[in-house]
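Hi,

Here is the structure I said I would pass on. Have a look at it first, and then read on for what turned up.

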Amino acid sequence: MVAQGSRCLKTVAAIGILFVHAVSAHMITSAAAPGPATATTCVWMTDLQAAHEKSQQTGRSLLIQFTAPWSTPCRLAENQLQSDPQLTRLLTERFVLVQLDFDRDRRIADILVVREIPSLVILSPAGDLLGRCNGLIPAEKLSRSLEQAERFRRQLEQPGESANPEHNE
């Protein structure tokens, strides 16, 4: 009876591994497959310090994506970011993009209070927290969240005005 249970567990584990490989292969094929021609693709930096310096030099907000190679939702989110031309354009024109490994860059994740992946953290060039997005989010909703973060940034940069909209009436 014990041997049969052990064999069953091995079968379940093998099916799980095959499923992960199949999903990964599908996503790699989907990402590599030619789609609508886009002029830009998202290029993610991996050095937070260099990305922050670039953010300060260009005046663009910093978008930090926390991900992990073992996470299927992270791979799905990455594929989504690359496959939507309008979202790609928004990301590349308005943000300095940096991708950090949730496991390897755990100290940074803890400082920024990242508790789940995929997660996006949006910072101004000055380091002000402008927003965050957790989990898989539809492209349209993500675009709205990024636009909202940029509006908040503009409010923060207005001299003499409160960032809190209730105080600006």
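Before the sheet, one convention: two strands count as paired if DSSP finds at least two bridges between them. Also keep in mind that this is a predicted model.

With that in place, the sheet is an open one of 4 strands, in the order S2-S1-S3-S4 and with mixed pairing. Strand S2 (95-101) and strand S4 (129-134) are the edges, each pairing on one side only. From one strand to the next the twist averages 15°.

Going through the pairs, S1 and S2 are parallel and share 7 bridges; Leu-63 has Leu-97 as its bridge partner in S2. On to S1 and S3, which pair antiparallel over 5 bridges, with Leu-120 in S3 as the bridge partner of Gln-65. Strand S3 (residues 119-123) and S4 also run antiparallel, joined by 5 bridges, and there Ser-119 is partnered with Asn-134 in S4.

Stepping back to the whole chain: it has 6 helices and 4 strands, and from the N terminus the elements go α-α-β-α-α-β-α-β-β-α. Of its 169 residues, 34% are buried. Among contacts with a separation of 6 or more, 67% are between residues 24 or more positions apart. The accessible surface is about 10,600 Å², and carbon and sulfur atoms account for 57% of that.

Now the helices on the sheet. Helix H6 (residues 139-157) lies across S1, S2, S3 and S4, and runs at about 165° to S4. As for H4, which of its residues are buried? They are Leu-87, Thr-88, Leu-90 and Leu-91. Viewed down the helix axis, the buried residues of H4 fall within an arc of 160°, so they line one face. The face turned away from that buried side carries Gln-86 and Glu-93, both exposed. The cover over the buried residues of H4 includes S1, S2, H6 and helix H3 (72-83).

S1 is worth a look by itself. How many of its residues are buried? The count is 7 of 7. Both faces of the strand are covered: Ser-61, Leu-63, Gln-65 and Thr-67 are buried on one side, and Leu-62, Ile-64 and Phe-66 on the other.

The largest nonpolar core has 18 residues, and Leu-63, Leu-87, Leu-91, Phe-95, Leu-142 and Leu-146 have the most contacts inside it. H4, S2, S3, S4 and H6 each give two or more residues to this core, and H6 supplies the largest share, 4 residues. There is also a second, separate core of 16 residues, which includes Ile-64, Phe-66, Leu-112 and Ile-117.

Not counting residues up to four places away in sequence, Leu-63 touches Trp-44, Leu-91, Phe-95, Val-96, Leu-97, Val-98, Leu-120, Val-121, Ile-122 and Leu-146.

Last, a few spots in the loops:

- Ser-124 sits in the loop between S3 and S4. Is Ser-124 buried or exposed? Its relative accessible area is 3%, and the cut-off for buried is under 20%, so Ser-124 counts as buried. Leaving aside neighbours within four places in sequence, Ser-124 is in contact with Ser-55, Ser-61, Leu-130 and Arg-153.
- Pro-118 is in the loop between helix H5 (106-111) and S3. The peptide bond from Ile-117 to Pro-118 is cis, with omega near -5°.
- Val-113 is in the loop between H5 and S3. Its phi is near 55°, a positive value in a residue other than glycine. With a relative accessible area of 47%, Val-113 is partly exposed.

Cheers

Conventions: Residues are numbered from 1 along each chain as its sequence is written. This is a predicted model: local features need pLDDT of at least 70, side-chain atom pairs count only at pLDDT 80 or more; totals for chains, interfaces and linings use all residues. Side-chain values use heavy atoms; hydrogens and water are left out. Axes are lines fitted to C-alpha atoms, for helices over the stretch in contact, and angles run from 0 to 180 degrees between N-to-C directions. Contact means heavy atoms within 4.5 Å. Buried means under 20% relative accessible area, exposed over 50%, partly exposed in between (1.4 Å probe, protein chains only). Accessible areas come from the Shrake-Rupley method with a 1.4 Å probe; for residues, only the protein chains shown count as cover. A nonpolar core is a set of buried Ala, Val, Leu, Ile, Met, Phe, Trp, Tyr and Cys residues joined through side-chain atoms within 4.5 Å. The arc is that of the directions from the helix axis to the C-beta atoms.
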